[in-house]
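Welcome! Keep the model in view as you try the exercises below, then read each solution step by step.

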Amino acid sequence: MKNEPQFDERYRLSPRHVDNPGVEKRSRAVLHQQQQHLDRLRNRPRNIAYFEHAVRGENISDAAPLVGYFCNMTPPELIRAAGGVPVRLGCGNAALVQTGEEVLAGDICPLAKASFACVVDERSIASRCDAFVLPTSCDAKTKLGEILEDYRPTFMIHLPPEQNHELFLKETVKSYQRLEAFLGGVTGRKVSRKALLHAVRQGREQAGLVRRLQEIRSECPGALSVQDLFLMIQAASSGVDMEEWCRECRNVITEIEGYSPERRRFRHRVVLTGAPAIWPNFKPLSLLEECGADVVADTLCSGTESCYDPVVIDETGHKSLLRALSLRYVFASPCPAFISQGKRLNRVINLVDEFTADAVINYSLRLCQLFDAETYRLSQVLKQRQIPFMNMRTDYSLEDIEQLRVRLEAFLETLEEI
Amino acid sequence: MTLNPENILSVLVAPFTNPLMVLLIVGMIPALLRRLPGRHAWAVTAVFGPPIILWGTYHLICLNPTAAEWLSTLNNPIAGAFLVIVYPAMLIPEGRWRQVFLVIPVGFVLWFFVAIYRGYQTVPADESGFYWLLVSPSWLISGVMALLVILHEFMDLKWFRRTVRATCLLVLIYGGFALRQDFSDYRNMLDRRAEEKNVMTLQETSPVMEYPNKMIHLPSAPCRFSTDGGYVQGCNLELFQRLLHINMFDLGSGSLAAMNTLSAVLAALMIFVAFSFISARWCCGWLCPLSTIGDVLNWMRKRLGLPAMHPPAPVKTGFKISGLSLVGVTFLMAKATPHLGEDGRFAGCKIPIFPFCKVCPGQQVCPVAGGGLDEYPPLPGTEWAFGFFRYGMLAVLGLFVVSFMLSKRLWCRFCPMGMFSGLFNRGGMFALQKRAQKCDKCGVCAEVCPMDIETVRDEMKHPDVSSFDCVLCLRCVEKCPQTDCLRLEHNGITVTSSTCSPEHLTSEK
């Protein structure tokens, strides 16, 4: 396929690097603080250090080219099949937001700003990537592509606005084919059917392991903290060898399978939905746990949503596999990037049912209009079904933790009356 | 009546081999199950209660000789085996009771082998040798059903479907050759094979079920034209053509032969409608030998990694119309058959017996699959129907192969046999159900569907997602990534539901 350039070459700018010792120091402090939060957790799996190292980008193999990507709509399977190592670009460091502001507009979401700051920072994993892949999932991502193009070759995946199979499935498959061609240019290897099939099978194995983790956690949430679960899931997309990750994950499963709680657990079970909580921004997760709630399920794209559902293999032809990938990653996605939020509502209601949750918490990231705009319908629909609901509107900054804690504690107390 | 053990057995069992009784019992059980409060009390009352009542009624009706005769023409072993082996297997949930129940199919399988042993006892000592399986049709049917029920315990949906299809292919295509009642029957079959046949006037080819005046037809295509092949009489269209072949003037003048044919055909039709109501288009997805052969072609395409063709909606409608209009034309010809002149012509045209079968690929594919290329039916001459079908038939055969190679079940979209059973897809006993709350609308169901049905994906309001085209192959249930989202119900009882367990996902590699 002929790969037309997506951006105008004539107006490319030279890459700009930022060196701000203050921000750097503060970002290290944020990481340290988050690490302390994790260290305070009880019942951590013995091999959790592997995932901690991985999420900080210390387990990356230098052999293969790194491909940084945003969002669940980019199938990591494709990157693996092309011989690249997928690295998720999302960053949750509160301190880095400031760096991002220097190039991006001020009113762009903190996720985009912090992630961009990672690209600019020469010591981060993101800056070691050989290419970037972004879907047009929101305004910030749509415009970030051209800015990232100044640094590395970047590819934008065109997403349909509506999840209509008849109209847009072929179109999505076509944009995945373009992505394949782009990745082939980066890694110098064509995506073969066999490699793709292997990668998809690996993804299915990962989905199976995450499902098993969730099964155990649903039965006794004390077995594995949600923060550790997120850590494990995000470690998988930070450039580790998938087989090694699966091995370590199996070890965790065998370990927590043997966990037996000392006494009955009376903590409230909640479903978390909304914007992604990305390392090191585990603020909503740690807050919920500290206030006495167990996050038994979530629809966060940085959490179980990213790998809970498997890609379904039926036909094993190249194009059929691409169709299967687009069904899983675009057409089943509950992301607010699409015009109907029915999928997320449906999923949240189902998770409450399936995981016998007591309440739903919506993590609405400030400056993310898409999630903000969905909050109204979410709250109304849950109200109709008499499911307790709380909206947690905050950004990366750590200043509002105590206010949130008060609100959360009050909300959880109201649950007890029911 | 002499009271020998076999007679007592047949008297006891007779009501349960009657499809109408089966329908009544099957219809009553779920209603009773719903009324029972406890979960433990149901086994005795629900399973044994209605059959005992119906059994008594049946024998009371049989006191009338005319009613007894009519009822006995309806009896057939498939109904009995379904009621005793298959339906309880669908009904009883996993657990202790299921293990208790499995004793019954195991018993049938053992008896199946005993029956084969007894079949070999009929072989004279000087001619002993290998004569495939000498077993009577009733024991074969119950034995095979019992074997499948047992195998189902150890298999996932995909492999179970493959096993059922392979077994049905063997029984329906090779059954007439390899599965005879006893040694003399086997000899007769070999003698018949040696005879030269004329495809234009061929009357009876598959007399396996040698019960007088009794026929069994399945709502799919176990073709009657494979030499001693079809273990059943044929497909539903063959049955309709038989009905059309009856000369109405003979009936009017009170001809006994015509009356006998009519009563046999009507009995077969009644059995067939009862089966269709119970199984809907399930036979298309699991039994039909034509689609099994086609799926082998499809499997080859899949292995080659070629993409499947998805015909757009107008083309699909076109397929349906062309299939139905073929039925219309050939049925008119069948209607003309009883009025053929001395020279075998009607209005100057030479018309064969069973005209629809002459354009059906079943008549070309099944005999060849059963007996090799020698069995390929001779082409009807150019004198027939303006010479079109001499080459038209080859074109249809080519279309059959190509349509299965290009796409999944492209052929089944213009198969009129299946369309008839499709009428029972909604309102029959099978229903495909979806819990919209679990559904992400990912579209995997539409992607894997061999008939390109989109109802299952798009329907978000009503739980019933059955549709006319559905062949109940259950690929959507098998592949659905959400546990308990899709399920198949038979008469309100869940037979199988979609599962996506971690064990399954992690053990793939």
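**Exercise 1.** Which residues does Ser421(B) touch, not counting residues up to four places away in sequence?

*Solution.* Before starting, note that this is a predicted model, where local features need pLDDT of at least 70 and side-chain atom pairs count only at pLDDT 80 or more, while totals for chains, interfaces and linings use all residues. Residues are numbered from 1 along each chain as its sequence is written, chains are lettered from A and ligands numbered from 1 in the order in which they are written, and side-chain values use heavy atoms, leaving out hydrogens and water.

- Step 1: Look for contacts, meaning heavy atoms within 4.5 Å. Ser421(B) touches Pro219(B), Asn236(B), Ala280(B) and Arg281(B).
- Step 2: Turn to the side chain of Ser421(B), which has a polar atom 3.4 Å from the backbone oxygen of Met417(B).

**Exercise 2.** Is Ser421(B) buried or exposed?

*Solution.* Buried means under 20% relative accessible area, exposed over 50%, and partly exposed in between (1.4 Å probe, protein chains only). Ser421(B) has a relative accessible area of 0%, so Ser421(B) is buried.

**Exercise 3.** How many residues of helix H5 of chain A are buried?

*Solution.* 

- Step 1: Locate helix H5 at residues 110-120 of chain A.
- Step 2: Count the buried ones: eleven of its eleven residues, including Phe116(A) and Cys118(A).
- Step 3: See what covers them; among the elements are helix H4 (97-103) and strand E3 (131-135) of chain A.

**Exercise 4.** How many salt bridges are counted between chain A and chain B?

*Solution.* 

- Step 1: Take in the contact as a whole, with 38 residues from chain A and 35 residues from chain B.
- Step 2: Apply the rule: a salt bridge is a side-chain nitrogen of Lys or Arg within 4 Å of a carboxyl oxygen of Asp or Glu. The count is eight.
- Step 3: Check one example, where the side chains of Arg347(A) and Asp440(B) meet at 2.9 Å, N to O.

**Exercise 5.** Which helix gives the most residues to the side of chain A that touches chain B?

*Solution.* 

- Step 1: List the elements giving two or more residues to this side; they include helix H7 (165-187), helix H8 (193-219) and helix H10 (242-257) of chain A.
- Step 2: Pick out H8(A), which gives the most, with twelve residues.

Notes:
Helix = DSSP H or I, 4+ residues; strand = E, 2+ residues; numbered from the N terminus. Polar contact = N/O pair within 3.5 Å; in protein donor to acceptor, adjacent residues only side chain to side chain.
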